[in-house]
Amino acid sequence: MLISRHLLNKASKPLVRFFTPTPEHEALKDSVTKLIEKEVNPHCEKWEAEKKFPAHEVFKLLGNNGLLGISKPEEYGGLGLDYSYEIVAAEAFATVNSGGVGMAIGVQCDMATPALAKFGGHHVKENFLRPTIAGDYVACLGVSEVGSGSDVASIRSRAVVEGNEWVINGGKMWTTNGAQADWMCMLVNTNDNSNPHKSKSLICVPMKSKGVSVHRTIDKMGMHSSDTAEITMENVRVPLDNIIGEEGKGFQYQMNQFQNERIYAAAGAIPVMDRCIQETIEYCAQRQAFGKSILDNQYVHFRLAELQTEVECLRALLYQCLDHYLLGEDVTPQATMLKLKSARLVREVTDSCLQFWGGMGFTNDVAVSRMYRDTRLFSIGGGADEVMLGIICKFMGTFPGSRG
């Protein structure tokens, strides 16, 4: 036979169909985009200048429109849709004219709440997930600490049992929404297991608890409208029932939660790049130098074509990863590659485009400069590029110590 039996067997299996947005997805995206344009974007310049946005007000607007629990359980106020609708909404949230607001929404929807929705019991879902979906509570995620950023296993914050309460001591760093949050999804050591992957738990901590304090808000290079805080906790007492899932499984829950965060982040990065390229095309087409438009220079239009091609490849990777996620598969390797590629590409796109704006690109008068400074975070937050490379190497079997 010209075709081997092996190939025939493979061909008989159904092909994986990569996600394609349906009319229902497009309707959701259109609705969210219109809401953002009408109710959020008119205020972004003010929030950027003040370096803070009214999280409770904005989140209540989104909660009233069912946008903070798109894929969360209906019994706790969510819409109960599959995760593809969450990603389409993330693409729409990226149209906010302030990266800090979009990031804060991402924390509320896909960084502080996935583990709670998936592993939490009724008590924590009723008391923390429901009001978060409604927009009545602002959530934050407490993982990073001073000296423990991407190295999650090395965190030192600790919770011990006293009676029917957890007593928590420690602190968290780089906490998005931290200064305005009503509760924190906090990763903390809860036992003395020598394996750091089995010594941690996720606990819901009300931010108004005695002993919780915002040590400082951090002045950042970008994401100006998003408050980022250093939080300290001294003898903070919360009920034992505030734990998410099982004791000692917090590290695994957080690693699972990172899948959502990384897919969501990539989904938000792609529209930013699309906009950056399109606005650069429009500017370069009307800007004249040496008797012709900037866009007529071959290097410029070729470079923009290269960048758009890279963006389309990233979009395909996003939808491929999303498909596997919807099938219930562990997408850690794909989500990690997605995070790495999107972070590096958004830096490349914004840097290249800003160059074509010349002196205007170095001002705060144009959107491209804000995109440039806001997206620089992508290669640092949620796991640095170098950590992503290490994870990928472990799956490839090339990381030192991972080879048999």
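The radius of gyration is taken over C-alpha atoms, and the globule rule is 2.2 Å times the number of residues to the power 0.38. For 404 residues a compact globule would come near 22 Å, and the chain agrees, with 22 Å. This is a predicted model: local features need pLDDT of at least 70, side-chain atom pairs count only at pLDDT 80 or more, and totals for chains, interfaces and linings use all residues. Residues are numbered from 1 along each chain as its sequence is written, and side-chain values use heavy atoms, with hydrogens and water left out.

The C-alpha trace spans about 80 × 70 × 45 Å along its principal axes. Buried residues (under 20% relative accessible area, 1.4 Å probe, protein chains only) make up 50% of the chain.

Now the lining of the second largest pocket. Lining residues have an atom within 4 Å of a point on a 1 Å grid; a pocket is an open set of points where a 1.4 Å probe fits, with protein on both sides within 12 Å along at least five of seven lines. Ser71, Pro114, Ala117, Asn260 and Tyr325 lie nearest the pocket's centre, among 15 lining residues. H7 gives the most, with four residues.

| Class in the lining | Residues |
|---|---|
| nonpolar | seven residues |
| polar | three residues |

Gln259 sits in helix H9. Gln259 is buried, at 9% relative accessible area. Its side chain makes a polar contact (N or O atoms within 3.5 Å, one able to donate a hydrogen and the other to accept it) of 2.9 Å with the side chain of Thr332.

How values were computed: Helices (H or I, at least four residues) and strands (E, at least two) are DSSP runs, numbered from the N terminus. Ala, Val, Leu, Ile, Met, Phe, Trp, Tyr, Cys and Pro count as nonpolar, Asp, Glu, Lys and Arg as charged, and the others, Gly among them, as polar.
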